[in-house]
Amino acid sequence: MDLENLEKVLQAEPKYRLKQANEAVFKNFISDWSEATFFTKELRDKLNKECPLKIEADLLISEKEDSIKAKITLKDGFKIESVLMRHSDGRNTVCVSCQVGCPLGCLFCATGKMGFKRNLTTNEIVEQAIFFNRYLKKIGPSDRSREGLFHGVTNVTFMGMGEPFLNYDNVWGAVKIFNDYKYFNIGVRSISISTAGIIEGIKKLSEGLSREAGSRHAGHVNLAISLHAPNDKLRRELMPIDKKYPLQDVLKAVDEYIKETNRKVMFEYVLIKGVNDSDNNAKELAKIMDRKLYFVNLILYNKTPQTGQAGSFEPSDTKRVQAFRAILEKLKIRYTQRYRFGDDIQAACGQFATSK
Ligand code: SAH
Ligand code: SF4
């Protein structure tokens, strides 16, 4: 898909034509301009030539059909991954990528192992959700959707490839389009951004979405912090970015964010066998997480071919996870454990890696 020339192609047309074109793409999710029958045949042909809507992608569907991974090929040949997760309550969450690769190189992460290639544009981020909306439209209403209506993407998480706060402006541009009632109309509370702890980004995010054009549900999107260790010594080993942004500074920025927004913040903690899953780790974690509006999200480490080579990381075993949880419970820490979607198609967290 390439909309770079859209305004140019429609330059000679009345102004409302551009609005119609945008609505056709971002709201009605047409996949070919021939569907835009409100345009003349000539204009449709011209648009198909100069602003192609086709999204190149390979699909992988999990056995339970609740998660679908798309490997999308970009204009310059780079590939990115996004995943659609279909929840039993009818929600459809798309996990989007915001960079090709990631410069932060966390040891346990497949994307980090790829290195950094480039930032995605706003359109390339939005395109991922468009792809899945077209997909959902095509497969038609399923028994998961109410009253047989088309239910497209209802939630977006920035938890695919890349660090959102190292591509803030383009990520924010995408958030605005997702939120815009003229387009995706996804409420701020159904959009989540996960960061490895880039403080400038946390600060900027506290400004939130104002009620400017298109924003019906103004406010703050959800913030998640990738924590993964309860102290700098261990965190630094797993996440090199901790040297630049130490834990205490990140937590201070989060506290300011909470003071400003009064929103809860999710701390993600990947449980890796023998690395960060001891009783002591749990106690230390409880100590720093015992604050108002802090929530812990435990994630079982997903083994990936890429990260497998680097270390000998394994997911914590069930007994250890139970003991870890028991300590958090005893110390009254609010936590959840994330359900694993798409393990069989390498579509779970940290399993995003592509080659050109
Ligand atoms: N760069 C951002 C967002 C993308 S990563 C961040 O790090 O927050 C999305 C989530 O998946 C992060 O919490 C990340 O730490 C986690 N993750 C990475 N590799 C993983 C793995 N192998 N198993 C489980 N979770 C992983
Ligand atoms: Fe980048 Fe996030 Fe992976 Fe770390 S966990 S390498 S920040 S994508």
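Predicted model: local features only at pLDDT ≥ 70, side-chain atom pairs only at ≥ 80, totals over all residues.
Residues are numbered from 1 along each chain as its sequence is written, chains are lettered from A and ligands numbered from 1 in the order in which they are written, and side-chain values use heavy atoms, with hydrogens and water left out.

E2 and E3 pair in the antiparallel sense over 7 bridges, where strands (E, at least two residues) and helices (H or I, at least four) are DSSP runs numbered from the N terminus, and pairing requires that DSSP finds at least two bridges between two strands. Lysine 71 stands opposite glutamate 81 in E3, and in the hairpin of E2 and E3, with 5 residues between the strands, glycine 77 takes a positive phi near 95 degrees. Strand E1 (residues 57-61) also pairs with E2 in the antiparallel sense, over 5 bridges, and isoleucine 61 has isoleucine 68 in E2 as its bridge partner.

Of the 7 residues of E2 (residues 67-73), 5 are buried, so this strand is largely enclosed by the rest of the structure; buried denotes under 20% relative accessible area, exposed over 50%, and partly exposed in between (1.4 Å probe, protein chains only).

In helix H3 (residues 41-50), Leu43, Arg44 and Leu47 are buried. Seen down the axis of H3, the buried residues fall within an arc of 100 degrees, so they line one face of the helix, the arc being that of the directions from the helix axis to the C-beta atoms. Lys41, Glu42 and Lys49 are exposed on the other side of H3.
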